[in-house]
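Have a look at the sequence and the fold, then read on.

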Amino acid sequence: MTFVSYERFKNIDFVGKSRIFYIISISITILGLIFLLTRGFNYGVDFRSGSNVDISLSQAITQEQIQPILDEIGIGDEASITPGNDRINIRFSEVLTEDQDLQLRAGVEALDETATFEINTVDPEMAKELGRNAIYAVLLSCIGIIIYVSIRFEWRFAIAAIIALMHDAFVVISVFSILGLEVNLTFIIAVLTVIGYSINDTIVIFDRIRENLRFTKVKRFSDLKELVNKSLAQTIGRSIYTALSVFFAAFFMLIMGGESIQMFSLAICIGLAFGAYSSIFIASPLWLTLKRRNVNSDKPKPPKPNKDKIEI
């Protein structure tokens, strides 16, 4: 018997516990909205105008050594310095002029002659365009998923899937807002990747529900609820193993990879965990709720009046 098998989960009422998971998801959503409205995002240079200077060094240079150089140039107050062992990152809220660029290079090279510079500059119009394109990318992917699921399954599956996907994406966004982590183009790629993995898990479960519907006579809501629980028990092993296999890869990228992919790996780890959670505990119970009107209720129907009875 495998660690995650149908026999281990066949008696679990996933649907019956859905109210608990709805409360958890709604609480996370409300908390995320509060932080988004009050704190917003820590936008990277991709979405905020300015210059990002990445300096590779042959010896460690501290922030105390860099700050006087920036103050002398007159850009010390608008700089955010992130030192490292063999590199240092400086982010400016304004675009560096050519003279400021040359003075910065000369000052750093006085401390380390072998220093190499990589400067990325984003003007205000480009920053706005990148932000709009990122929103369009997420919206278009969601619209495409709705169309695909509606054609392959039905509109109820599409609504349940897209709500689960938006839930996963919003959880990742909320965590980054709460922790004040940098949001850049790499983050948008991570969110789109999470959406892809999440819809894959959701489609597998929906496909099993549709398959079981073909061979099961559903007369009452309790029959449909039992069918959903059975479908979830049959697919939960695959969902967990798939999520874990990718999660471990992303986790080791997070702790062992370079600084440039750490935020990407963190977003993937968060999204995978909540993607597997939403596919099982959000999407399927939500579809059941939408489908409820198409099946008979479990409540006993009131007796029909006896028309043959003659009242005196």
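## A strand tucked inside

Let's start with strand β4 (residues 87-92), in a model that is predicted. Of the 6 residues in β4, 5 are buried, so the rest of the structure largely encloses this strand.

What does β4 pair with? One partner is strand β2 (residues 50-56), which runs antiparallel to β4 over 6 bridges.

Another partner is strand β3 (residues 79-83), which pairs with β4 in the antiparallel sense over 5 bridges. Here Thr82 faces Asn89 of β4 as its opposite number. Strands β3 and β4 make a hairpin, with 3 residues between them. A handy thing to keep in mind while looking at strands: when a strand is regular, its side chains alternate between the two faces of the sheet.

## Stepping back

Now for the wider view. The protein has 312 residues, and 41% of them are buried.

As for contacts with a separation of 6 or more, 79% are between residues 24 or more positions apart.

## The largest core

Which residues have the most contacts inside the largest nonpolar core? They are Val149, Phe176, Phe187, Phe206, Ile209 and Trp287, in a core of 57 residues. The elements giving two or more residues to this core are α5 (124-152), α6 (155-179), α7 (185-214), α8 (221-256) and α9 (259-291). Helix α9 gives the largest share, with 14 residues.

Beyond its neighbours within four places in sequence, Ile209 is in contact with Phe157, Leu227, Val228, Ser231, Ser284 and Trp287. There is also a second, separate core, made of 19 residues, and Ile69, Ile75, Ile81 and Val108 are among them.

Helix α6 has 25 residues and spans 36 Å from first C-alpha to last, close to the 36 Å expected at 1.5 Å a residue.

Ala169 and Val191 are 22 residues apart in sequence, and their C-alpha atoms are 6.0 Å apart in space. Met166 and Ile195 are 29 residues apart along the chain, with 8.2 Å between their C-alpha atoms.

## Rings that meet

The structure holds 10 aromatic pairs. One of them joins Phe157 and Phe206: this pair is tilted, at 4.7 Å centre to centre with 55 degrees between the planes. Phe157 is in helix α6 and Phe206 in helix α7, so the pair ties together parts 49 residues apart in sequence. How covered are these two rings' residues? Phe157 is buried, with a relative accessible area of 3%, and Phe206 is buried as well, at 0%.

Phe157 has another ring partner in Trp287. Their ring centres are 4.8 Å apart and their planes are at 10 degrees, so this pair is stacked. It links distant parts of the chain, with Phe157 in helix α6 and Trp287 in helix α9, 130 residues apart. Both Phe157 and Trp287 are buried.

Elsewhere on your tour of the rings, look for one aromatic cluster formed by Phe21, Phe274, Tyr277 and Phe281.

Technical notes:
Residues numbered from 1 in each chain as written. Predicted model: local features only at pLDDT ≥ 70, side-chain atom pairs only at ≥ 80, totals over all residues. Heavy atoms only, no water. Core = buried A, V, L, I, M, F, W, Y, C linked by side-chain atoms within 4.5 Å. Buried < 20%, exposed > 50% of the residue type's maximum accessible area, 1.4 Å probe, protein only. Helix = DSSP H or I, 4+ residues; strand = E, 2+ residues; numbered from the N terminus. Contact = heavy atoms within 4.5 Å. Expected span 1.5 Å × (residues − 1). Phe/Tyr/Trp six-rings, centres within 6.5 Å; stacked < 30°, edge-to-face > 60°. Pairing = 2+ DSSP bridges.
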